[in-house]
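Keep the coordinates open while reading.

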Amino acid sequence: MTFRVGIVGAGFMGETHVAAWTAERVTPVLLDHDAARADSLAGRFGARVATSFEELFAAVDVVDVCTPTHQHADVAVRAAAAGRHVICEKPLARTVEDAEAIVAACERAGVRLFVAHVVRFFPEYDAARRLVAEGGIGDPAVLRLKRASFRPRRAPGHWFFDPALSGGMIVDLMIHDFDYARWVAGDVVAVQCHSVAADRPELGVEHAYAILTHESGAISHVTGSWAYGPPTFRTSLEIAGSRGLVEHDSAVAPPIVTYLQPRGPDSDGAVGLPGSPLAEDPFRLELREFRGSIERDVAARVTARDGVEALRIALAAAESARSGRIVRLRSAAAGATR
Amino acid sequence: MPGVELVGLWDENDGRGRTTAGRHDIPFFPTETALLGARLDGVVVASVNSEHRRLTENAAAAGVDVLCEKPLATRLDDGRAMVAACAAANVRLMIAFPMRFSPVLAKLSDAIRGGTLGEVVCLEGVNTGEMPDGHAGWFADPVLAGGGAIMDHVVHLADAYRWLLGADVTEVYAVANRILQDHHGGVETGGLLSLRFDNGVFATIDCSWSKPRGYPTWGGLSIEAVGSAGVASADAFRQHLVVHRADAGESWPFWGSNADVGMLTEFVAAIREDREPTVTGVDGLRALEVVDAAYRSVESGEPVSVQRAE
């Protein structure tokens with residue numbers, strides 16, 4: 001049976017997903033409000049283009065939402081209402097209300113919902129979590145997670161820089177590690193965060209620290225940054241447990257390093273991506289798992305509820321950074337369904 | 001150290017004191033009073049934390065300058081009394097914060113002061129290590145040490161931050177647990193702090209005893225400073241070899257400059273030059289105030305204001 005996927009949004013993430021689906025031998029159908037952009041991306045990968053939601057939904061079984069964050073809910077709810085399974089980029093939505101609306105729409109329609117928390121598919125993160133889950137370091141106690149890069153090179157006024165649309169660096173970038181912390185150490189009950197952007201907006205510096213308290217008693221330190229100079233994209237994890245410690249730092253262990261003579265202005269891409277050479281990139285592993293999960297009707301490693309909870313933590317961090325207060329969260333177990 | 005005579009050593013544990021004195025070929029004094037009466041210019045207080053106050057006050061009464069191990073004391077009122085006693089007796093009180101003498105951190109300080117990073121906006125510090133429960137089990141004793149990982153480690157970074165920023169901590173949020181190293185005893189083994197300074201800068205400290213036995217080194221101390229012009233990461237103990245032996249695991253022998261030597265040299269120089277040391281009992285008190293606030297925050301689950309001890 002062919003697996004028919006439609007991608008909404010032909011921007012940065014849309015392109016990443018088109019490439020991953022194509023590598024998985026799935027030729028997606030694209031929809032973007034900017035038809036020229038959709039045509040251009042489709043042309044590079046031999047994909048097709050739809051010109052309306054109706055046309056897209058008629059042609060596919062699964063809708064992969066790669067629009068700007070604030071549009072996720074509208075697109076995902078439409079897709080669910082049309083009876084299409086939904087894969088949604090992270091963050092699941094801009095607000096918890098929108099995220100819950102997506103979950104409810106998918107439950108109502110009886111379709112699957114996957115949130116693309118791709119860090120769970122990065123082999124080093126997956127391996128560390130597996131090691132912890134197997135008891136390799138005892139009970140998790142103190143986690144340190146860092147994701148640091150430069151300010152994305154996009155035009156001023158781009159939706160990405162408008163916290164009302166993207167949630168800002170805390171919601172867009174740090175959510176990766178909030179989700180990972182929760183995956184490793186369980187539900188979060190208290191969130192504290194300080195951010196330069198909240199304190200000193202005039203500086204244009206994005207850097208934040210969040211401290212999470214998990215229901216288990218574990219505590220997590222999460223750093224997110226756009227304050228490094230390009231082309232840095234540094235990620236690190238450290239999980240200390242009752243009987244051991246697991247560490248990984250992309251800055252300490254790069255498997256390939258170049259030492260080139262200077263040759264004019266650099267030619268980095270628009271957004272830094274962590275890259276350790278792999279036979280199959282994490283986006284591909286992620287989408288393959290989602291596909292298999294739909295085809296065999298089994299759970300994927302990241303659930304819709306995980307997407308909602310990660311957003312809840314991220315929004316709590318943003319609120320703490322603004323208010324200076326500790327934000328308490330109820331345990332997700334109370335509201336968990338699937 | 002040239003021109004310095006190690007007059008002798010006293011220890012509350014007679015056997016241990018005699019062994020150590022013998023190993024270094026220096027006299028052992030049976031009482032602290034005898035040692036303090038031996039015409040000393042300075043004394044190093046390296047007892048359990050809870051004895052710092054008594055021994056420092058005795059030294060002050062004897063007119064002997066003091067270099068006191070960190071933390072200054074286990075309680076704020078003890079620290080305050082020590083500073084007052086030394087001031088009243090007109091003796092110097094230096095606190096043992098060796099990181100002030102780390103050439104790596106000095107380089108970071110230069111970068112900050114020289115404007116390399118632009119305006120500094122936040123700092124992330126990690127001072128983690130093995131749980132000191134083997135040869136020095138008192139470090140995990142709530143009475144003798146005054147606490148666990150927070151009492152043991154926070155003062156180093158709290159002081160380094162004050163030194164780097166020229167600012168004081170006003171607010172502290174802290175969380176802690178007792179999961180690491182399977183420790184379910186009376187003190188915390190894991191802790192994270194969030195600090196706010198009076199110049200608006202914020203910072204965090206990881207003080208956890210998170211290095212398991214068998215880690216290649218005892219632990220370490222690092223600071224990442226973030227400014228409007230970029231980021232600098234400094235690791236005070238990154239200057240090490242990596243050694244693998246067939247009969248043991250990996251180890252990291254340190255080859256960098258010994259900050260303890262710089263610290264002792266400053267103690268001697270301050271006495272010789274009849275001046276205040278560059279890091280004093282008041283600095284020790286300021287760092288202890290952060291520790292005190294951290295414990296109050298852990299208790300309340302809320303950010304708390306730092307209480308100035310004077």
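## Conventions

Buried means under 20% relative accessible area, exposed means over 50%, and partly exposed lies in between (1.4 Å probe, protein chains only). Helices (H or I, at least four residues) and strands (E, at least two) are DSSP runs, numbered from the N terminus.

This is a predicted model, where local features need pLDDT of at least 70 and side-chain atom pairs count only at pLDDT 80 or more, while totals for chains, interfaces and linings use all residues. Residues are numbered from 1 along each chain as its sequence is written, chains are lettered from A and ligands numbered from 1 in the order in which they are written, and side-chain values use heavy atoms, with hydrogens and water left out.

## Salt bridges

A salt bridge is a side-chain nitrogen of Lys or Arg within 4 Å of a carboxyl oxygen of Asp or Glu. Side chains of opposite charge can pair when their charged atoms come close. The whole structure holds 57 salt bridges over all chains.

One of them links A:Glu247 to B:Lys211, at 3.7 Å from N to O. A:Glu247 sits in strand E12 (residues 244-249) of chain A and B:Lys211 in the loop between strands E7 (202-206) and E8 (219-227) of chain B, so the pair joins two chains. A:Glu247 is partly exposed, because its relative accessibility is 40%. B:Lys211 has 7%, so B:Lys211 counts as buried.

## Pairs within chain B

B:Arg75 and B:Asp78 form a salt bridge, with the closest N and O atoms 3.7 Å apart. B:Arg75 is partly exposed at 47% relative accessible area. B:Asp78 is buried at 11%.

B:Asp235 and B:Arg238 also form a salt bridge, with 3.3 Å between the closest N and O atoms. B:Asp235 is partly exposed at 25%. B:Arg238, at 52%, counts as exposed. Elsewhere, salt bridges that share partners join B:Arg100, B:Asp159, B:Arg162, B:Asp168, B:Asp283, B:Arg286, B:Glu289 and B:Arg308 into one network.

## Helix H9 of chain A

H9(A) is mostly covered, with 11 of its 11 residues buried. Among them are A:His176, A:Asp177, A:Tyr180 and A:Trp183. A:Gly186 follows H9(A) and has a positive phi, near 90 degrees.

H9(A) (residues 175-185) packs on H12(A) (residues 304-323) at about 120 degrees, with the axes 9 Å apart. Axes are lines fitted to C-alpha atoms, for helices over the stretch in contact, and angles run from 0 to 180 degrees between N-to-C directions. H9(A) is therefore oblique to H12(A). Angles under 35 degrees count as roughly parallel, over 145 as roughly antiparallel, 65 to 115 as roughly perpendicular and the rest as oblique. From H9(A), A:Ile175, A:Phe178, A:Asp179 and A:Arg182 make contact (heavy atoms within 4.5 Å). Their partners in H12(A) include A:Asp306, A:Glu309 and A:Leu311.

## Helices H1 and H2 of chain A

H1(A) (residues 12-23) and H2(A) (residues 35-45) pack at about 25 degrees, with axes 11 Å apart. That makes H1(A) roughly parallel to H2(A). A:Gly14, A:Glu15, A:Val18, A:Ala19 and A:Thr22 of H1(A) meet A:Leu41, A:Arg44 and A:Phe45 of H2(A).

## An exposed helix residue

A:Arg296 belongs to helix H11 (residues 282-296) of chain A. A:Arg296 is exposed, at 61% relative accessibility. A:Glu134 is 162 residues from A:Arg296 in sequence and 26 Å away in space, C-alpha to C-alpha.
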